[in-house]
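User: I've got a structure open and I'd like to talk through a few bits of its packing and its loops. Could you take my questions one at a time?

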Amino acid sequence: MNKSVLVTGKTGQLGQSIQKLSKKYPQYQFTFVGSEELDLSSSVAIDQYFVDKCFDMVINCAAYTAVDRAESEPGLADKINHLAVKQLAQIAKQKDMVLIQISTDYVFNGQNYRPYIETDETCPQNIYGETKLKGEQAMREISPAGCIIRTSWVYSEFGNNFVKTMLRLGKERDQLGIIFDQIGSPTYATDLADAILDIIDSEAKQSRKILDCHDASAPRNDNGFQIYHYSNEGVCSWYDFAKAIFELADINCDVKPIETKDYPTPATRPHFSVMNKAKIKADFNIEIPYWKNSLKQCLMMISK
């Protein structure tokens, strides 16, 4: 019998990317849901959804991701990023489902001098990061089978994101000021989706137990729960990212580097949020593409 996989956030970048790739995995029966089918801001709706449903795996791609708006809507952000994750973890443990939770580099304060590893101290600087960290902590305490995957600077051919915004603004304006003192690693949602699907498939094929927190022999963090980092390889600033977008898309727009203080936003962003991916590469034997190569792929998809 095919394994069943529930994917939340079907209209988001990662959800749509998983849906795009799901045809490569006919051995799984995928169910994709959005807020209309499963409202993660409502505990009653979550309970009602799972009353008569059970899955082998749940990939929670849904999140409150409006970073600046979260500063004025902390309650709603907390419901979706924290309380819903806690509830999903409880249900996953009760029903013996594997839960893969997507988190963020924004759980860190951005003051590191080297790429963050999974066990580094967390210290979010905004409401979005705080609520995502609370979701992580709740899941780790409940400890269902599964893992947390932190990612950063996600973009794709779907929805609204930095790449699509730059393509639009680059055609509308002759000059743009882009922040150069925030450093990170872009993540093409298709690459992350591919990694997640490869992970669950390799686990199933090899009967491995890395995603099973109840297996005493599984390598794990001291608190008994797995956390992984995933972004594309390489490092850049938003300024570098914008320059690369315009060069590859052949857009003639003059990009000027500006400092974070010159572009104030309601939410504070980390100045350095590069993450070390050695753990996920070692545990699952996956190769991660370089960010510029993935950007080329995304721009090709957008141009179609």
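User: How many aromatic pairs does the count come to?
Analyst: Keep in mind that this is a predicted model. Two rings pair if their centres lie within 6.5 Å. By this rule the count is 17 aromatic pairs.

User: Take Tyr25 and Tyr28: is that pair stacked, edge-to-face or tilted?
Analyst: The ring centres of Tyr25 and Tyr28 sit 6.5 Å apart, with the planes at 50 degrees. Stacked needs under 30 degrees and edge-to-face needs over 60. The angle for Tyr25 and Tyr28 therefore makes the pair tilted.

User: And how do the rings of Phe50 and Phe55 sit, stacked or edge-to-face?
Analyst: Here the centres of the Phe50 and Phe55 rings are 6.4 Å apart, and the planes make 85 degrees. Over 60 degrees is the cut-off to pass, so Phe50 and Phe55 are edge-to-face.

User: Are Phe50 and Phe55 buried or exposed?
Analyst: Burial takes under 20% relative accessible area. Tyr25 and Tyr28 are both buried. For Phe50 and Phe55, too, the label is buried.

User: Which residues form one aromatic cluster with Trp153?
Analyst: There's one cluster that takes in Trp, Tyr and Phe rings. Along with Trp153, its members are Tyr155, Phe162, Tyr188, Trp238, Phe241, Tyr290 and Trp291.

User: Which residues of helix 9 make the contact with helix 7?
Analyst: The crossing of helix 7 and helix 9 is right-handed. Helix 7 brings Asp240, Phe241, Ala244, Ile245, Leu248 and Ala249 to the contact. From helix 9 come Trp291, Lys292, Leu295, Lys296 and Leu299.

User: By class, how many charged residues does the contact of helix 7 with helix 9 have?
Analyst: Nonpolar residues number eight in the contact of helix 7 with helix 9, and no polar ones take part. The charged residues there number three.

User: What about helix 5 and helix 9: left-handed or right-handed crossing?
Analyst: Helix 5 (residues 162-172) and helix 9 have axes that come within 11 Å and cross at roughly 60 degrees. Helix 5 and helix 9 are therefore oblique to each other. The handedness of their crossing is right-handed.

User: By class, how many nonpolar residues does the contact of helix 5 with helix 9 have?
Analyst: On the helix 5 side the contact uses Val163, Lys164 and Leu167, and on the helix 9 side Leu295, Leu299 and Ile302. One of the residues in the contact is charged and none is polar. That leaves the nonpolar count, which is five.

User: What is the phi of Asp250?
Analyst: Asp250 lies in the loop between helix 7 and strand 12 (254-258). With a relative accessible area of 70%, Asp250 is exposed. Although Asp250 isn't a glycine, its phi is positive, at about 55 degrees.

User: And is Asn285 buried or exposed?
Analyst: Asn285 has a positive phi too, about 55 degrees, without being a glycine. You'll find Asn285 in the loop between helix 8 and helix 9. Its relative accessible area is 71%, so Asn285 is exposed.

User: How far apart in space are Glu287 and Asp191, C-alpha to C-alpha?
Analyst: Glu287 is in the loop between helix 8 (278-284) and helix 9, and at 78% relative accessibility it counts as exposed. Glu287 and Asp191 are 96 residues apart in sequence. In space, their C-alpha separation is 9.9 Å.

User: Which residues is Ala204 in contact with, leaving aside its neighbours within four places in sequence?
Analyst: Ala204 belongs to helix 6 (residues 189-206) and is partly exposed at 32% relative accessible area. Lys3 is 201 residues away along the chain, yet the C-alpha atoms of Ala204 and Lys3 are separated by 9.2 Å. With those sequence neighbours left aside, the contacts of Ala204 are Lys3 and Tyr28.

Note on methods
Residues numbered from 1 in each chain as written. Predicted model: local features only at pLDDT ≥ 70, side-chain atom pairs only at ≥ 80, totals over all residues. Heavy atoms only, no water. Axes fitted to C-alpha atoms, helices over the stretch in contact; angles between N-to-C directions. Helix = DSSP H or I, 4+ residues; strand = E, 2+ residues; numbered from the N terminus. Parallel < 35°, antiparallel > 145°, perpendicular 65-115°, else oblique. Left-handed = near helix turned anticlockwise from the far one by under 90°. Contact = heavy atoms within 4.5 Å. Nonpolar A, V, L, I, M, F, W, Y, C, P; charged D, E, K, R; others polar. Phe/Tyr/Trp six-rings, centres within 6.5 Å; stacked < 30°, edge-to-face > 60°. Buried < 20%, exposed > 50% of the residue type's maximum accessible area, 1.4 Å probe, protein only.
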